[in-house]
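Please open the model in your viewer and keep the selection panel at hand. The stops below are meant to be taken in order.

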Amino acid sequence: MLRFPLFHHELTRVLRISGPLMLAMSGRTLMMIVDRLCLAAYSEQTLTASGPAVFMGMSAISFFSGVTQIGRSVIAEAYARSGIEEAHKMGGRLFAVAILCVLGLNLTLPLLMNLSQFSGRSGEIIALENIYLSWAMLFGSIMILDGAASCYFGAIGNTRLIFKASIAGQLVSMPMTYVLVFGLYGFPELGMAGSAIGTVLGSLAVLVVYLTRTPQALRDAALNEAKVLITKSRRAFEVLSLFKRGVPLGAHDSTDEIGNTAIIWAVSMVGATALAANNFNVILNYVGIIPVIGIANGATILSSQAIGRNQFERIPKIASASLFVAFSYVAVVTVLLQSFDREITSLFSLGNYGQDIFELSISVTSHIWYYAVAFAVSFIASGMLQSFHQNTFVFKTRILTMWFGSVPASYLIAYNWSIEEGALQLIWISLSTFELGLGLLFTAKIFSCLKEHNLPEPVWENDIKRTEVT
């Protein structure tokens, strides 16, 4: 048992670091809700296309932005052990990695536009999806740079700046999405494209905030690291080494997005009604899980700093405090969703598309809390495993659980159950159960690392020789 005073001190640290990150992610949730509200009100076709388009676009974006997330643990550990100068050095190297990721995204994302042809959806829906994806390359590139900056500032403990940048993005993205989708106040009516352009402008606003607060030492380090990319020096190899270390993180995030896309396709096999209703339920699910990602990122920072200071006894307390905050948030959201399910559903005008879609969405809402709890356990644990350099283990475990568990189970349900028999509800229950199992495996791995003291050398002292233990 943790003594309460010790837990209280760690809880304070979690709230100080993770609180602004949680609020920033809540702002992102609000942006997504406004985006879907606009698309839902615009037409049933844009609402139906929004789910698959976002998931496909984010499958590629998540891989490359996920690669840059390696900087969160690397910079936090370097900062805790050696100070701000080492953080600047590693931050500059991270921005060089981000440049490589932007180039990679621009080469791979157009390929996704051809995948929609195999989904079995109508030509009209596929055309709308491709409109959105055509803009995803631009806002995805900006998001990668935003993510690298977020990792740096979060790692040194300046999470309030991340929240301020998020506010700036919201103030730009939400009104611009609204006016561009519907063509108000003299702006052109762009529909699906307007939604994507609003995201571009919001992401650009976030980047501007980060650039204005970037210290000169970090800018110089980033410029120097970017220059060495075209050389064959040892420093260029160190940048590539950091990129390689981030690949399991990117693969983990992308695998999750691709798996979710595959599950969306399974839902579409159940019927158009299930797909439209599920797209709304995904939005509500964002309310429950996306702020938890901020808590998970905070747990990564705190645990990496603890390891940098050789304070391994803090790890269980960080995990407990982070889960306490996450579960408290999920409990509040669950009460609100259950108490005002019909009122919330009515905001999305689902009743205009048929009473069957409206009622199906409400019936699935009661299962969202289960996935939110499972997600909190798995993402907080996987975030803390980054501190122990267990990224390859996290990726392999995610692959096995997703592609040999939740995805096949979703297709099995789609083939053998109908809407009337609760197919959509069973898919959500199945997905939540596998996610919870994944979280328990990650938690067990954390305690295994602590027990065995399975910690590699500091990452900034031997980037090339150090290998991960899986």
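What follows is a tour that begins with confidence and then moves through selections in turn.

This is a predicted model, in which local features need pLDDT of at least 70 and side-chain atom pairs count only at pLDDT 80 or more, whereas totals for chains, interfaces and linings use all residues. Residues are numbered from 1 along each chain as its sequence is written, and side-chain values use heavy atoms, with hydrogens and water left out.

Begin by colouring the chain by pLDDT, the predictor's confidence in each residue on a scale from 0 to 100. The chain average is 82, and 83% of the residues score at least 70. Select residues 1-5, where pLDDT is below 50 and where the model has 4 contacts (heavy atoms within 4.5 Å) beyond near neighbours in sequence. Then select residues 454-470, where pLDDT also stays under 50 and the model has 43 contacts beyond four places in sequence. Where pLDDT is low, the predicted coordinates should not be read in detail.

Next, select helix 7, which covers residues 192-213 and contains S195; helices here are DSSP runs of H or I with at least four residues, numbered from the N terminus. Is S195 buried or exposed? Its relative accessible area is 0%, so S195 is buried, on a scale where buried means under 20% relative accessible area, exposed over 50% and partly exposed in between, with a 1.4 Å probe and protein chains only. Not counting residues up to four places away in sequence, S195 touches D35, L39, Y132, T177 and V181.

Return to Y210 and show its surroundings: leaving aside neighbours within four places in sequence, Y210 is in contact with D146, A149, S150, F153, L161, I162 and A165.

Move on to helix 14 (residues 368-387) and helix 15, whose axes come within 8 Å and cross at roughly 150°; the axes are lines fitted to C-alpha atoms over the stretch in contact, with angles from 0 to 180 degrees between N-to-C directions. Helix 14 is therefore roughly antiparallel to helix 15, a description that applies to angles over 145 degrees. Show S378, F379, S382, L385 and Q386 in helix 14, which meet N391, F393, V394 and R398 in helix 15. The residues of this contact divide into 4 nonpolar, 4 polar and 1 charged, where Ala, Val, Leu, Ile, Met, Phe, Trp, Tyr, Cys and Pro count as nonpolar, Asp, Glu, Lys and Arg as charged, and the others, Gly among them, as polar.

Staying with helix 15 (residues 391-416), pick out I399, which is partly exposed at 25% relative accessibility. The C-alpha atoms of I399 and D256 are 8.4 Å apart, although 143 residues separate the two in sequence.

Finish with two loop residues. Y185 lies between helix 6 (159-182) and helix 7, has a positive phi of about 55° although it is not a glycine, and is exposed at 72% relative accessibility. H389, in the loop between helix 14 and helix 15, has a positive phi near 60° and is likewise a residue other than glycine, but H389 is buried at 2% relative accessibility.

Notes:
Angles under 35 degrees count as roughly parallel, over 145 as roughly antiparallel, 65 to 115 as roughly perpendicular and the rest as oblique.
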